There are 2 protein chains.
Amino acid sequence: MLRLLHRSLPRARRSAASRSLGTAAEPGHAGRPRERTLTMETLNPLVKAVEYAVRGPIVTKAGDIERRLQQGVKQPFSEVIKANIGDAQAMGQQPITFLRQVVALCSFPELLESPAFPEDAKQRAKRVLQDCGGQSLGAYSNSEGVECIRRDIADYISRRDHGVPSDWDNVYLTTGASDGIMTILKLLVSGQGRSRTGVMIPIPQYPLYSAAISELGAVQVNYYLDERNCWALDTEELQRAFLDAKQHCRPRVLCIINPGNPTGQVQSKKCIEEVLHFAYEENLLVMADEVYQDNVYAPDCQFHSFKKVLYEMGPEYFNHLELVSFHSTSKGYTGECGFRGGYMEVLNLDPDVKAQLVKLVSVRICPPVPGQVAMDVIVNPPREHEPSYAQFIKEKNSVLDALAHKSRLTEQILNSVPGMQCNPVQGAMYAFPQIFIPPRAIQEAQLLSMAPDMFYCLKLLEETGICVVPGSGFGQREGTYHFRMTILPSAEKLTLLLGKLKDFHLRFLEQYSEAQTSVGEVPGDGLQ
Amino acid sequence: MLRLLHRSLPRARRSAASRSLGTAAEPGHAGRPRERTLTMETLNPLVKAVEYAVRGPIVTKAGDIERRLQQGVKQPFSEVIKANIGDAQAMGQQPITFLRQVVALCSFPELLESPAFPEDAKQRAKRVLQDCGGQSLGAYSNSEGVECIRRDIADYISRRDHGVPSDWDNVYLTTGASDGIMTILKLLVSGQGRSRTGVMIPIPQYPLYSAAISELGAVQVNYYLDERNCWALDTEELQRAFLDAKQHCRPRVLCIINPGNPTGQVQSKKCIEEVLHFAYEENLLVMADEVYQDNVYAPDCQFHSFKKVLYEMGPEYFNHLELVSFHSTSKGYTGECGFRGGYMEVLNLDPDVKAQLVKLVSVRICPPVPGQVAMDVIVNPPREHEPSYAQFIKEKNSVLDALAHKSRLTEQILNSVPGMQCNPVQGAMYAFPQIFIPPRAIQEAQLLSMAPDMFYCLKLLEETGICVVPGSGFGQREGTYHFRMTILPSAEKLTLLLGKLKDFHLRFLEQYSEAQTSVGEVPGDGLQ
């Protein structure tokens, strides 16, 4: 010990008197200055490769502008409107009263004595608490989730799917859907070189997928949605992507987002059947991101769960195809993003793999229990004979009606803008219009080493305070440009936003048009 | 399209009439049966390598026994006592009223009008809500956490450390401490072969570390705590582990758990200073797991944060050494495990690396907001002049006094058992006694391909209903055996547990003793 102490006498030992806080390495320090251990050179290269546009540079910039506004710095607008992220309550949507009552009761059970809370909310809270360790939200739950909540979810799935059986032992609570998606992908990643796991994802996609694939070092396999056909999923394109990918990796999983994010389409039953058939034939595990299952607006569309369609294809499919479906508290009519609640249902997983899944989730011990409670209310809302039913239905319909209205409003106004084209927002919470960007603007963006649609969105933000996400963050066909905007602002604010957007777009076209082209001539049909 | 449909006509298409649910692949199915995509052979090998003893097979077995008890199956005991996990509220600890009041107010803001809630709780709730999107818990927060909570945490750190400055921009809320630890390790993992990141962890360790290292494919570098010296951390041993590791990897990070888990020691200031000096000299980033900072029981011990000690070592250290400290809502006197709240403070991180950290955490969007609120109350509890102060202090002291009492009780009784030796439980929530396992029991365990302490703990569970975790799950010196038990059961239940444990141990020794050895002769001194 003495030997060691001698060897390692502090190089920078200071007397007590000099222990004030300096601001830089002291010049008198003998020997090499200490280098940082964690630098951009030594950082995990997989982390470096991760991109996540929904909270990328444009959102940082929006924050900066917002702060400047608060400090009284003058801008050509009075507020930043954040249409970049599906965060309903941040845009003013009110929480569902019943859900919050149950969470409050579980958080502070003394309220169970209060006459201010309805009986059905109390009954829900008591039931969940009974299944919690020490009857408290503050205990860890099982790693898979609170048992009665898993049972409620299985019942919900079975009701939703008109009787298709659901085993609660296949249901796992998650920390939002993102967590579940990441967990399943983590199980699937193996092999090196040509045998490395390929993950098929739609383009455009929600960038959690590409980020997760980067982080895990898997191979991203893009299949393109058909923009000319309402972002439909064409199995011929799936086949193409699959065969191409087999040249350099081993595609093992097919990710689907239905209703679509950022694209807003709702898949037909026929389409889902074809996709499942394809996955069956090619031995792919299917990950069905169904977090927008309650967000369907187009009267001719209907949500079909992948599981129900699989069931209807017969037992050979239903008993063999590996399917994982994800849901969340963050979307639907509740918009409880901050609770980070969600679940996944796994189908036909190898029992040994299920044990590995349980082991993996147990390392983080459990998903947040308040989020589990929120999920429970969503799958087990007030029933017709219960005291909270009337108010619940009123609140639920009010949110969904408003979203349906705003989906039409958005589509209409965007399509009225020359050089902009938007597919119907059949579901989810986003419009993903294609925009015409004049060649001169593309050149200017290239000079700034910026994607042209990033250039466009930055200018939009700076000139109008509107924050949307460039299509390049989601992926798009080469040479096409888009942005994603949410339909979440209030109808009034959304109308204002769309009006400003239209004006901006016309100005932008004029500013970057060739001298000989006038705005009226901008070819809307020229969009690819 | 037609071509494709033809090529891939469903092999297993069923008529509507035959769509009932079968239970196995149908024998008539022409062609190869569908193979599973995700099997133990194709599973991510890094996931396969993960081990997590705290929720491992012994806990599964405890659950099975519990269910059998509920079903009325007779056992030699009337209940399972779970002393395997630091889950205070599951063991009957009551939540701190003030904390739950604030969470309930934030969850259901109508309660802000209720006279049943104290003003200071309302003021805390209003303040947090004002910083939330849409003034709601249901909005996503910034990925780093709610701003005013980050500020409160920085203030707390500075108060705790007697004025050492803390910048709120260095504070990140997390989903429990586990999430933060995993995130920082993820940044640090790079290189291949001899340049692969080595992570120095104490042995015994909390198995989150080994699990995270496995999952990330980093290299685990063990340094052994000195059991004969109250589990002290000896820098000579650090040096040995570091030099050995350099032969086959690149050690870049040093993890410390203080107060210790599972070992319960509280590090002296001098020891921390030596460790920091070592890390400074060897260019290691230090991860200080300080989640038990409020759990110090021994009158001659005191919690010193790594940051404060670093500050006192002078600016050369304080301005250069990369240090990350972790805290949590799950431990301390609150025990709010289910909320999955926590934070980390980073010091001297490269600004570019910080940007990468923000990007990485933004992919999961944000930590659960109710957990952030719980964290806020912990760092900003009622003050002396506030209405909730008296009750708060009473509740806090009652929890901590009880834990201090139980730490002594546990140590005393364990040390009264022949063939058992336990260091003082100076802090945290666990005892980690060394146990003598007779050679004949070791042989029997080996025949079952079982670690001897796993064999011991399983027998303990089966015969007494007491669930503890074998030392092999935490790591221990070759040839020594331990188990970890929590001190969380009520004093009454703990006394019962310790009595049963003692009886069991004596029976076990007798059962496996050589014919010529009587229990009285079991050499307590023979423990290594």
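Colleague: What order do the seven strands of the open sheet in chain B have?

Modeller: Strands of a sheet pair through backbone hydrogen bonds, either parallel or antiparallel. Here the order is 2-8-7-6-5-3-4, with mixed pairing. A strand is a DSSP E run of at least two residues, a helix an H or I run of at least four, each numbered from the N terminus; two strands pair if DSSP finds at least two bridges between them. This is a predicted model, where local features need pLDDT of at least 70, side-chain atom pairs count only at pLDDT 80 or more, and totals for chains, interfaces and linings use all residues. Residues are numbered from 1 along each chain as its sequence is written, with chains lettered from A and ligands numbered from 1 in the order in which they are written.

Colleague: Which are the edge strands of chain B?

Modeller: Look for strands pairing on one side only: strand 2 (171–174) and strand 4 (219–224) of chain B.

Colleague: In which sense do strand 6 and strand 7 of chain B pair?

Modeller: Parallel, over four bridges, with strand 6 at residues 285–289 and strand 7 at 323–328.

Colleague: How many residues does each chain bring to the contact between chain A and chain B?

Modeller: Chain A gives 105 residues and chain B gives 105 residues. Helix 13 (residues 351–363) of chain A supplies the largest share of chain A's side, seven residues.

Terms used
Two residues are in contact if their C-beta atoms, placed from the backbone, lie within 7 Å.
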